[in-house]
Amino acid sequence: MAEQPAAEQIKQFRDFLQTYNRISENCFVDCVHDFTSRKILDTEDTCASHCLAKYMKVTQRIGQRFQEYQLTQNEAMIAAQGKGILPGR
Amino acid sequence: MASMINQDEAMQLAAELEVEMMADMYNRMTSACQKKCIPPKYKEPDLSKGESVCLDRCVAKYLEIHDRLGKKLTEMSMQDQEVMKKMQQQQQQMAK
């Protein structure tokens with residue numbers, strides 16, 4: 001991974017941090033409901049843990065489906081080019 | 001190599017990134033605690049005692065959750081890095 005140019009690495013790290021912030025907000029809003037104290041309850045802690053794990057799996061799955069979608073889009077485009085519908089060879 | 005950055009630049013970028021992400025976190029926390037503590041009735045302009053106390057607790061809890069999730073994420077990404085390293089090592093061995 002050290003072979004990647006620095007700009008690319010920085011972008012990746014930035015995206016990672018952005019995702020981190022998003023997860024925190026999302027899981028907080030969905031899991032924390034008790035404001036009678038400052039302490040995090042065990043149920044809330046567990047919920048947040050599960051929330052994090054699920055979020056990762058969600059992004060993974062969405063990524064897979066989107067990749068598949070892009071592949072079919074690409075194939076359709078190539079086929080259309082071949083038939084002369086679209087410009088470009 | 002022109003695409004590599006030196007130590008000083010790296011530190012500066014890291015600092016800038018931290019500031020930006022902290023600001024982003026702050027905005028999200030504000031939004032979340034607004035949702036949690038302030039009912040959208042707006043009968044009066046001032047914060048009630050209950051709302052004030054709720055906000056205090058909300059901030060404390062948000063920061064705690066943010067912290068815990070950050071630790072878990074770091075753990076997970078370190079595990080990923082381990083897996084990647086092992087895979088690379090295996091590939092290198094196979095290529096020999």
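How much area do chain A and chain B bury between them? In this predicted model, chain A and chain B bury about 3,300 Å², and 67% of that area lies on carbon and sulfur atoms. Buried area is the accessible area (1.4 Å probe) that two parts lose on being put together, summed over both. Because the model is predicted, local features need pLDDT of at least 70 and side-chain atom pairs count only at pLDDT 80 or more, while totals for chains, interfaces and linings use all residues. Residues are numbered from 1 along each chain as its sequence is written, chains are lettered from A and ligands numbered from 1 in the order in which they are written, and side-chain values use heavy atoms, with hydrogens and water left out.

**Interface between chain A and chain B**

- Chain A brings 34 residues to the contact and chain B brings 32, where contact means heavy atoms within 4.5 Å.
- There are 17 residue pairs in polar contact across the interface, both residues being at pLDDT 80 or more; a polar contact is a pair of N or O atoms within 3.5 Å, of which, within protein, one must be able to donate a hydrogen and the other to accept it, and residues adjacent in sequence count only if both atoms are side-chain atoms.
- On the side of chain A that touches chain B, α1 (6–31) and α2 (42–82) of chain A each supply at least two residues; helices here are DSSP runs (H or I, at least four residues), numbered from the N terminus.
- The largest share of that side, 16 residues, comes from α1(A).
- By class, the side of chain A that touches chain B has 19 nonpolar, 7 polar and 8 charged residues; Ala, Val, Leu, Ile, Met, Phe, Trp, Tyr, Cys and Pro count as nonpolar, Asp, Glu, Lys and Arg as charged, and the others, Gly among them, as polar.

**Salt bridges**

- The structure holds 8 salt bridges over all chains, and the count between chain A and chain B is 4; the rule requires a side-chain nitrogen of Lys or Arg within 4 Å of a carboxyl oxygen of Asp or Glu.
- Glu44(A) and Lys61(B) form a salt bridge through their side chains, at 3.0 Å from N to O.
- Glu25(A) pairs with Arg28(B) in a salt bridge, with the closest N and O atoms 2.8 Å apart.
- Glu25(A) lies in helix α1 of chain A and Arg28(B) in helix α1 (residues 7–37) of chain B, so this pair joins two chains.

**Largest pocket**

- Of the 24 lining residues, the closest to the pocket centre are Gln12(A), Phe16(A), Ser77(B), Asp80(B) and Gln81(B).
- α2(B) gives the most to this lining, with 11 residues.
- The lining of the largest pocket comprises 11 nonpolar, 11 polar and 2 charged residues.

Technical notes:
1 Å grid on protein atoms, 1.4 Å probe; cavity = no way out; pocket = protein on both sides within 12 Å on 5 of 7 lines; lining within 4 Å.
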